Amino acid sequence: MSLPPPLVAAPDLVLHAAAWTDVDGAEDDPQGAAAVNVGGTANVASLGVPLVYFSTDYVFDGTKREPYVESDAPNPQSVYGRTKLHGEAAAGERAWIVRSSWLFGETGQNFVRTMLRLGAERDEVAVVDDQRGSPTYVGHLAKATRELVERGLPFGRWHLAAEGDCTWADFAEAIFEEAGLECRVRRITTEELGRPAPRPAYSVLRSEHPDAPQLPHWREGLRECLQRL
Ligand SMILES: NC(=O)c1ccc[n+]([C@@H]2O[C@H](COP(=O)([O-])OP(=O)(O)OC[C@H]3O[C@@H](n4cnc5c(N)ncnc54)[C@H](OP(=O)(O)O)[C@@H]3O)[C@@H](O)[C@H]2O)c1
(Lines give C-alpha, C1' and ligand atoms only; values in the text may rest on other atoms or scores of the structure.)
Protein backbone atom coordinates (compact mmCIF):
# COMPACT_ATOMS: atom_id res chain seq x y z
CA MET A 1 0.00 0.00 0.00
CA SER A 2 1.49 3.36 -0.95
CA LEU A 3 1.23 6.31 1.41
CA PRO A 4 -0.46 9.53 0.27
CA PRO A 5 1.86 12.48 -0.35
CA PRO A 6 2.36 14.65 2.75
CA LEU A 7 0.08 17.65 3.01
CA VAL A 8 2.47 20.59 3.05
CA ALA A 9 1.07 24.02 2.37
CA ALA A 10 3.45 26.24 0.41
CA PRO A 11 4.41 29.20 2.63
CA ASP A 12 3.77 32.78 1.48
CA LEU A 13 6.69 34.10 3.47
CA VAL A 14 9.57 32.71 5.50
CA LEU A 15 11.00 34.50 8.54
CA HIS A 16 14.46 32.97 8.69
CA ALA A 17 15.96 33.53 12.15
CA ALA A 18 17.67 30.15 12.63
CA ALA A 19 21.45 30.48 12.76
CA TRP A 20 24.70 29.33 14.30
CA THR A 21 24.88 32.12 16.89
CA ASP A 22 27.75 30.84 19.04
CA VAL A 23 30.11 33.65 18.05
CA ASP A 24 33.15 32.27 19.90
CA GLY A 25 32.44 28.63 18.98
CA ALA A 26 32.33 29.56 15.29
CA GLU A 27 36.03 30.49 15.40
CA ASP A 28 36.86 26.81 16.04
CA ASP A 29 34.40 25.41 13.52
CA PRO A 30 34.09 27.77 10.55
CA GLN A 31 32.74 25.03 8.32
CA GLY A 32 30.04 24.12 10.81
CA ALA A 33 29.02 27.77 11.13
CA ALA A 34 28.99 28.21 7.34
CA ALA A 35 26.90 25.06 6.86
CA VAL A 36 24.16 26.57 9.04
CA ASN A 37 24.43 30.28 8.23
CA VAL A 38 25.13 30.01 4.50
CA GLY A 39 24.02 26.50 3.51
CA GLY A 40 20.92 26.67 5.73
CA THR A 41 19.96 30.01 4.22
CA ALA A 42 20.45 28.69 0.68
CA ASN A 43 18.08 25.82 1.56
CA VAL A 44 15.45 28.23 2.79
CA ALA A 45 15.90 30.47 -0.28
CA SER A 46 15.39 27.45 -2.54
CA LEU A 47 11.73 27.42 -1.45
CA GLY A 48 11.41 30.37 -3.82
CA VAL A 49 9.12 32.43 -1.58
CA PRO A 50 9.77 35.89 -0.12
CA LEU A 51 12.15 35.67 2.78
CA VAL A 52 13.15 37.77 5.76
CA TYR A 53 16.76 36.96 6.66
CA PHE A 54 17.83 38.24 10.08
CA SER A 55 21.41 39.47 9.93
CA THR A 56 23.73 41.23 12.29
CA ASP A 57 25.78 44.31 13.17
CA TYR A 58 28.79 41.93 13.31
CA VAL A 59 29.08 42.20 9.50
CA PHE A 60 30.84 45.54 10.23
CA ASP A 61 34.36 45.98 11.57
CA GLY A 62 33.38 48.63 14.13
CA THR A 63 35.93 51.26 13.08
CA LYS A 64 33.28 53.89 12.29
CA ARG A 65 32.21 56.33 15.01
CA GLU A 66 28.83 57.22 13.61
CA PRO A 67 25.96 54.85 12.85
CA TYR A 68 26.38 52.27 10.11
CA VAL A 69 23.86 52.60 7.28
CA GLU A 70 22.88 50.05 4.65
CA SER A 71 25.30 51.36 2.01
CA ASP A 72 28.35 51.10 4.31
CA ALA A 73 30.81 48.42 3.23
CA PRO A 74 30.72 45.37 5.49
CA ASN A 75 34.02 44.02 6.77
CA PRO A 76 33.31 41.24 9.27
CA GLN A 77 36.08 40.42 11.73
CA SER A 78 34.77 37.10 13.01
CA VAL A 79 33.77 33.78 11.47
CA TYR A 80 30.22 34.38 12.67
CA GLY A 81 30.11 37.80 10.98
CA ARG A 82 31.55 36.42 7.74
CA THR A 83 29.11 33.51 7.58
CA LYS A 84 26.16 35.80 8.31
CA LEU A 85 27.32 38.13 5.51
CA HIS A 86 27.60 35.21 3.08
CA GLY A 87 24.16 34.14 4.31
CA GLU A 88 22.85 37.54 3.18
CA ALA A 89 24.02 36.72 -0.34
CA ALA A 90 22.57 33.21 -0.13
CA ALA A 91 19.15 34.68 0.78
CA GLY A 92 18.77 35.73 -2.87
CA GLU A 93 16.93 38.54 -4.62
CA ARG A 94 13.51 38.10 -3.03
CA ALA A 95 14.69 38.75 0.50
CA TRP A 96 14.53 41.50 3.07
CA ILE A 97 17.92 41.44 4.79
CA VAL A 98 17.10 42.72 8.26
CA ARG A 99 20.24 43.68 10.17
CA SER A 100 19.71 44.18 13.86
CA SER A 101 21.87 44.24 16.99
CA TRP A 102 22.22 43.13 20.61
CA LEU A 103 18.88 41.32 20.72
CA PHE A 104 17.09 40.64 23.98
CA GLY A 105 13.68 39.39 25.01
CA GLU A 106 11.79 37.64 27.77
CA THR A 107 12.65 34.14 26.53
CA GLY A 108 15.84 32.33 25.48
CA GLN A 109 19.44 33.10 26.33
CA ASN A 110 20.24 36.77 26.21
CA PHE A 111 22.12 39.52 28.05
CA VAL A 112 19.09 40.80 29.99
CA ARG A 113 18.23 37.39 31.38
CA THR A 114 21.88 36.69 32.21
CA MET A 115 22.24 40.01 34.06
CA LEU A 116 19.00 39.45 36.00
CA ARG A 117 20.35 36.08 37.16
CA LEU A 118 23.84 37.38 38.03
CA GLY A 119 22.46 40.54 39.61
CA ALA A 120 20.37 38.47 42.00
CA GLU A 121 23.35 36.25 42.95
CA ARG A 122 26.25 38.73 43.21
CA ASP A 123 27.19 42.17 44.51
CA GLU A 124 29.24 43.01 41.45
CA VAL A 125 29.56 41.93 37.82
CA ALA A 126 32.34 42.79 35.38
CA VAL A 127 30.97 44.06 32.08
CA VAL A 128 32.65 45.28 28.90
CA ASP A 129 32.61 49.04 28.48
CA ASP A 130 34.41 49.50 25.15
CA GLN A 131 31.81 48.07 22.76
CA ARG A 132 28.96 50.38 21.77
CA GLY A 133 25.73 49.32 20.11
CA SER A 134 21.96 49.49 20.22
CA PRO A 135 20.31 46.84 22.40
CA THR A 136 17.15 45.87 20.55
CA TYR A 137 14.04 44.36 22.10
CA VAL A 138 12.80 41.48 19.94
CA GLY A 139 9.17 42.56 20.39
CA HIS A 140 10.04 45.88 18.74
CA LEU A 141 12.05 44.15 16.01
CA ALA A 142 9.10 41.86 15.29
CA LYS A 143 6.76 44.86 14.89
CA ALA A 144 9.20 46.67 12.62
CA THR A 145 9.70 43.54 10.52
CA ARG A 146 5.95 43.11 10.16
CA GLU A 147 5.72 46.72 9.01
CA LEU A 148 8.48 46.16 6.44
CA VAL A 149 6.59 43.23 4.93
CA GLU A 150 3.04 44.57 5.21
CA ARG A 151 3.91 47.98 3.74
CA GLY A 152 5.48 46.16 0.81
CA LEU A 153 8.81 47.95 1.24
CA PRO A 154 11.43 46.84 -1.28
CA PHE A 155 13.62 43.76 -0.86
CA GLY A 156 17.23 44.41 0.12
CA ARG A 157 19.15 45.50 3.20
CA TRP A 158 17.34 47.22 6.08
CA HIS A 159 18.92 48.30 9.35
CA LEU A 160 16.29 47.81 12.06
CA ALA A 161 17.67 48.48 15.54
CA ALA A 162 16.52 50.38 18.62
CA GLU A 163 16.95 54.12 18.95
CA GLY A 164 19.85 55.25 21.14
CA ASP A 165 23.08 53.47 21.93
CA CYS A 166 25.17 52.46 24.93
CA THR A 167 27.95 50.11 26.02
CA TRP A 168 27.31 46.67 27.53
CA ALA A 169 28.24 48.13 30.93
CA ASP A 170 25.71 50.98 30.54
CA PHE A 171 23.12 48.42 29.52
CA ALA A 172 23.86 46.22 32.57
CA GLU A 173 23.48 49.25 34.88
CA ALA A 174 20.16 50.12 33.26
CA ILE A 175 18.94 46.53 33.73
CA PHE A 176 19.82 46.58 37.45
CA GLU A 177 18.23 50.00 37.88
CA GLU A 178 14.98 49.07 36.11
CA ALA A 179 14.79 45.73 37.93
CA GLY A 180 15.63 47.25 41.34
CA LEU A 181 18.70 45.02 41.85
CA GLU A 182 21.54 46.16 44.10
CA CYS A 183 24.47 45.05 41.97
CA ARG A 184 27.50 47.11 40.95
CA VAL A 185 28.92 47.08 37.44
CA ARG A 186 32.71 46.93 37.19
CA ARG A 187 33.63 48.35 33.79
CA ILE A 188 36.24 46.27 31.97
CA THR A 189 37.75 46.16 28.48
CA THR A 190 37.18 43.63 25.72
CA GLU A 191 40.83 42.64 26.12
CA GLU A 192 40.31 41.89 29.82
CA LEU A 193 37.35 39.67 29.00
CA GLY A 194 39.54 37.79 26.51
CA ARG A 195 36.89 36.21 24.28
CA PRO A 196 38.18 34.24 21.23
CA ALA A 197 36.13 36.07 18.55
CA PRO A 198 36.67 39.77 17.85
CA ARG A 199 33.60 41.99 18.27
CA PRO A 200 33.09 45.42 16.69
CA ALA A 201 33.93 48.25 19.11
CA TYR A 202 31.15 50.32 17.55
CA SER A 203 28.19 48.82 15.73
CA VAL A 204 25.28 51.24 16.03
CA LEU A 205 22.90 50.68 13.10
CA ARG A 206 20.62 53.26 11.50
CA SER A 207 18.63 53.16 8.30
CA GLU A 208 19.30 55.51 5.43
CA HIS A 209 15.87 54.65 3.93
CA PRO A 210 13.60 57.65 4.70
CA ASP A 211 10.58 55.32 4.99
CA ALA A 212 12.23 52.71 7.24
CA PRO A 213 10.17 51.38 10.15
CA GLN A 214 11.27 53.12 13.36
CA LEU A 215 11.97 51.26 16.60
CA PRO A 216 11.59 52.79 20.08
CA HIS A 217 14.60 53.60 22.28
CA TRP A 218 16.41 50.61 23.80
CA ARG A 219 15.46 51.73 27.33
CA GLU A 220 11.78 51.55 26.38
CA GLY A 221 12.44 48.06 25.01
CA LEU A 222 14.10 47.10 28.27
CA ARG A 223 11.11 48.31 30.32
CA GLU A 224 8.67 46.44 28.09
CA CYS A 225 10.74 43.27 28.32
CA LEU A 226 10.98 43.46 32.13
CA GLN A 227 7.21 43.96 32.40
CA ARG A 228 6.67 40.75 30.48
CA LEU A 229 9.11 38.65 32.46
N1 LIG B 1 21.37 37.72 19.41
C2 LIG B 1 21.73 38.84 18.81
O3 LIG B 1 22.17 39.79 19.46
C4 LIG B 1 21.58 38.99 17.33
C5 LIG B 1 21.92 40.22 16.74
C6 LIG B 1 21.73 40.38 15.38
C7 LIG B 1 21.22 39.38 14.62
N8 LIG B 1 20.93 38.18 15.19
C9 LIG B 1 20.37 37.12 14.34
O10 LIG B 1 19.04 36.89 14.77
C11 LIG B 1 18.72 35.51 14.63
C12 LIG B 1 18.25 34.93 15.95
O13 LIG B 1 19.30 35.07 16.89
P14 LIG B 1 19.14 34.56 18.39
O15 LIG B 1 20.13 35.30 19.19
O16 LIG B 1 17.69 34.55 18.77
O17 LIG B 1 19.65 33.09 18.23
P18 LIG B 1 19.44 31.78 19.09
O19 LIG B 1 18.74 32.07 20.37
O20 LIG B 1 20.75 31.07 19.11
O21 LIG B 1 18.43 30.99 18.18
C22 LIG B 1 18.87 30.42 16.98
C23 LIG B 1 17.87 29.36 16.57
O24 LIG B 1 18.40 28.71 15.41
C25 LIG B 1 18.14 27.34 15.54
N26 LIG B 1 19.10 26.58 14.77
C27 LIG B 1 20.45 26.60 14.88
N28 LIG B 1 21.01 25.74 14.01
C29 LIG B 1 19.98 25.15 13.34
C30 LIG B 1 19.91 24.18 12.32
N31 LIG B 1 21.01 23.65 11.79
N32 LIG B 1 18.69 23.82 11.87
C33 LIG B 1 17.58 24.38 12.40
N34 LIG B 1 17.58 25.29 13.36
C35 LIG B 1 18.77 25.68 13.83
C36 LIG B 1 18.27 27.06 17.02
O37 LIG B 1 17.57 25.90 17.32
P38 LIG B 1 17.84 25.09 18.69
O39 LIG B 1 17.30 25.91 19.78
O40 LIG B 1 17.08 23.83 18.45
O41 LIG B 1 19.32 24.89 18.76
C42 LIG B 1 17.64 28.30 17.63
O43 LIG B 1 16.24 28.13 17.80
C44 LIG B 1 19.98 34.83 14.07
O45 LIG B 1 19.85 34.76 12.69
C46 LIG B 1 21.10 35.79 14.46
O47 LIG B 1 22.18 35.69 13.59
C48 LIG B 1 21.09 37.97 16.53
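The model is predicted: local features need pLDDT of at least 70 and side-chain atom pairs count only at pLDDT 80 or more, whereas totals for chains, interfaces and linings use all residues. Residues are numbered from 1 along each chain as its sequence is written, and side-chain values use heavy atoms, with hydrogens and water left out.

**Ligand contacts**

- A polar side-chain atom of Thr 21 is 2.5 Å from an oxygen atom of the ligand, which is a polar contact (a pair of N or O atoms within 3.5 Å; within protein, one must be able to donate a hydrogen and the other to accept it, and residues adjacent in sequence count only if both atoms are side-chain atoms).
- An N or O atom in the side chain of Lys 84 lies 2.8 Å from an oxygen atom of the ligand.
- A polar backbone atom of Ala 19 lies 3.2 Å from an oxygen atom of the ligand.
- On its own the ligand has 900 Å² of accessible area, of which the protein covers 48% (Shrake-Rupley method with a 1.4 Å probe; for residues, only the protein chains shown count as cover).

**Ligand shell**

**Aromatic pairs**

- The count comes to 10 aromatic pairs (rings of Phe, Tyr and Trp, the last by its six-membered ring, with centres within 6.5 Å; planes under 30 degrees apart count as stacked, over 60 as edge-to-face and the rest as tilted).
- The ring centres of Phe 111 and Phe 171 are 5.5 Å apart and their planes are at 15°, so this pair is stacked.
- Phe 111 lies in helix α4 (residues 111-121) and Phe 171 in helix α6 (residues 168-179), so the pair ties together parts 60 residues apart in sequence.
- Phe 171 and Trp 218 form an edge-to-face pair, 5.6 Å centre to centre with 85° between the planes.
- Phe 171 counts as buried because its relative accessibility is 0% (buried means under 20% relative accessible area, exposed over 50%, partly exposed in between; 1.4 Å probe, protein chains only).

Definitions and conventions
Helix = DSSP H or I, 4+ residues; strand = E, 2+ residues; numbered from the N terminus.
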